[in-house]
Amino acid sequence: MSYDEDKDVFDNEREENDQQEEVKKPSYKPDDPEYWEQEESEWDHLKRRSRIPLWVWVLCGLAVVGLVIGCWIRYFSPYVEDATQYGYVEHIEKRGMIFKTYEGTLIPYKELMDTTRVYNRDFVFSVEDQKTAAKLKQALYDVKPIRVNYKKYYATVPWRGAHKIVVTSVDTVDPHNILPPEFAPYKP
């Protein structure tokens, strides 16, 4: 045999092997009578079922709905609405890397006028609206007492600000009308 003949023989054998591999067993469905006559493979019981039970889908759906409701309550639904605080603006500034919001501090008027208790806390807040922030800056420069209406959330989100308290509106007030007459500052 020559070299070419060996090559031809080798190529012929390869073609025969390829033809044998292409022949597959027919797959029958349970409706066919031949389905029940097939030999069972010893590995069939290890195949993954493609059908997921209905109760798994129901549980997944309930979990998703629960997560959406929980996120809505936690991040987007205020638990205190239309609340009011009186005081003086200590500072207000624009902060943020991506979401720029105004953050500020208000010294509560009732804390300043109460001489029996130790000073408790400042009122820290965020402002989304630029017009409201401009009013707060003006009150800071004029050193006038103001009344702020605000909402309080369970958690913060970056585009709303760094604090749970979000101021929605600002009004200037007369300091003589904030407190009852017996606690009001001396009126000239």
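**Close-up 1. E93 pairs with R95 in a salt bridge.** E93 is partly exposed at 32% relative accessibility; this label covers values between buried (under 20% relative accessible area) and exposed (over 50%), with a 1.4 Å probe and protein chains only. R95 is also partly exposed, at 36%. Their side chains meet at 2.6 Å, N to O. A salt bridge here is a side-chain nitrogen of Lys or Arg within 4 Å of a carboxyl oxygen of Asp or Glu. The count by this rule is two. The model is predicted: local features need pLDDT of at least 70, side-chain atom pairs count only at pLDDT 80 or more, and totals for chains, interfaces and linings use all residues. Residues are numbered from 1 along each chain as its sequence is written, and side-chain values use heavy atoms, without hydrogens and water.

**Close-up 2. D171 and R147 form a salt bridge.** The N to O distance is 2.6 Å. D171 sits in strand β5 (residues 165-172) and R147 in strand β4 (residues 146-152), so the pair ties together parts 24 residues apart in sequence. Strands are DSSP runs (E, at least two residues) and helices are runs of H or I (at least four), numbered from the N terminus. D171 is partly exposed at 31%, and R147 at 26%.

**Close-up 3. V65 belongs to a nonpolar surface patch.** The patch is about 1,300 Å², and its members include W72, F76, Y154 and W159. Patch residues have over 30% relative accessible area and no salt bridge; nonpolar side chains (Val, Leu, Ile, Met, Phe, Trp, Tyr) are joined within 5 Å, like charges within 9 Å. V65 lies in helix α2 and is partly exposed at 46%.

Key:
Areas by Shrake-Rupley, 256 points an atom, 1.4 Å probe, with all protein chains shown as cover.
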